Amino acid sequence: MTDQRMALPPIELTPKDLSSWRTGNRGVDYVHTFDSGRPGPHVIVNALTHGNEFCGMIAVTHLLEQGIRPLRGKLTLSFANVEAYQRFDAATPFDSRFVERDFNRLWDAATLDGPDQTADARRARALRPIYAEADALLDIHSTTYAVPPMLIHEPLDKMQPLARHLHSPLHHVLLAGVKHPGRPLIQYGAFSDPQATPVALVVECGQHFAASSGALAVGVTMRFLDFFGMIPRDLAAQHPADPGMPKRYEVTDVLVAKTDCFRFAQPFLGFEDVAADTLIATDGDAEIRAPAGGCTIIMPARQPTKGRDVVSLARRLQ
Ligand SMILES: [Zn+2]
């Protein structure tokens, strides 16, 4: 593998001390709910689903420090996997994504009700009733490599007005059904039910440790809150969407490493278009090739691990 994939990126964002936000008002650490006292949706902005993805922490601490309160409904601000976050070490900055188990692969009832006693699963159980209240959830993430930021959501009719309102980032990745080994938070419960009204989406804001990722997270969060009428219009207007037409992709497959010897065939970083039958990776003795019609590489893992998802393959929709 090339140096470009394994080199450590500059660390422009570092963890802030969140101890002053530990005690919230929900009986769950690092969760704060603000009730306007007026009718309206319950909107959640969620940071640190992955412990080393600091841009969401930047956005949520911005809302807390600015004292932003909802004009209608309720606003919940949550820091999810704080235990992983607190393990950050700048010498090994990719190791604090989770403690023992990916918090973002736990969101089916069997796992949540199951015997797993990892710190990550216990934290998921504590947050489960909070997320279950949501009419809308913004789950803020970042990427291993410095690729264009993207929205990720199910291709459900109920998602379209919100995605159109956010507009940017200008890469929109549609994820139909559960393709990962473990259900992501945005596909929990009512979020993935086309008949239910709650909506959820991920924003991937850029590279984990880039200052630009924090700024992008703040802007998307403000447009998200504006869509639901939670903040004054002039505040949202300070964070306009980028001009241009979104590029839309549909995830067709999520590859899971079957062996300890999964190797990418090229130094993929993300959003490379590869032609039909191109060798993408080898997994032990097996060759993994691009499907007929080719595909786009989405979020390749830096260090593929047996049993975990290692890259998504997508097709361009327009
Ligand atoms: Zn993430």
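Me: Two strands pair if DSSP finds at least two bridges between them; with that in mind, how many bridges join strand β11 to β12?
Reply: In this predicted model, strand β11, which covers residues 279-283, is joined to β12 by 4 bridges, and the two strands run antiparallel.

Me: Which residue of β12 is the bridge partner of Leu279?
Reply: Leu279 has Arg289 of β12 as its bridge partner.

Me: And what is the strand order in that open sheet?
Reply: The order is β9-β11-β12, with antiparallel pairing among the 3 strands; β9 (262-264) and β12 (286-289) are the edge strands, each pairing on one side only. From one strand to the next, the twist averages 25 degrees.

Me: Switching to helices, at what angle do α2 and α7 cross?
Reply: Helix α2 (residues 55-65) and helix α7 (residues 211-227) have axes that cross at roughly 55 degrees and come within 8 Å, which means that α2 is oblique to α7.

Me: Is that crossing left-handed or right-handed?
Reply: The crossing of α2 and α7 is right-handed.

Me: Which residues make the contact?
Reply: From α2 the contact uses Cys55, Gly56, Ile58, Ala59, His62 and Leu63, while α7 contributes Ser213, Gly214, Ala217, Val218, Thr221, Met222 and Leu225. By type, the residues of this contact divide into 8 nonpolar and 5 polar, with no charged residue.

Terms used: Residues numbered from 1 in each chain as written. Predicted model: local features only at pLDDT ≥ 70, side-chain atom pairs only at ≥ 80, totals over all residues. Heavy atoms only, no water. Axes fitted to C-alpha atoms, helices over the stretch in contact; angles between N-to-C directions. Parallel < 35°, antiparallel > 145°, perpendicular 65-115°, else oblique. Left-handed = near helix turned anticlockwise from the far one by under 90°. Contact = heavy atoms within 4.5 Å. Nonpolar A, V, L, I, M, F, W, Y, C, P; charged D, E, K, R; others polar. Pairing = 2+ DSSP bridges.
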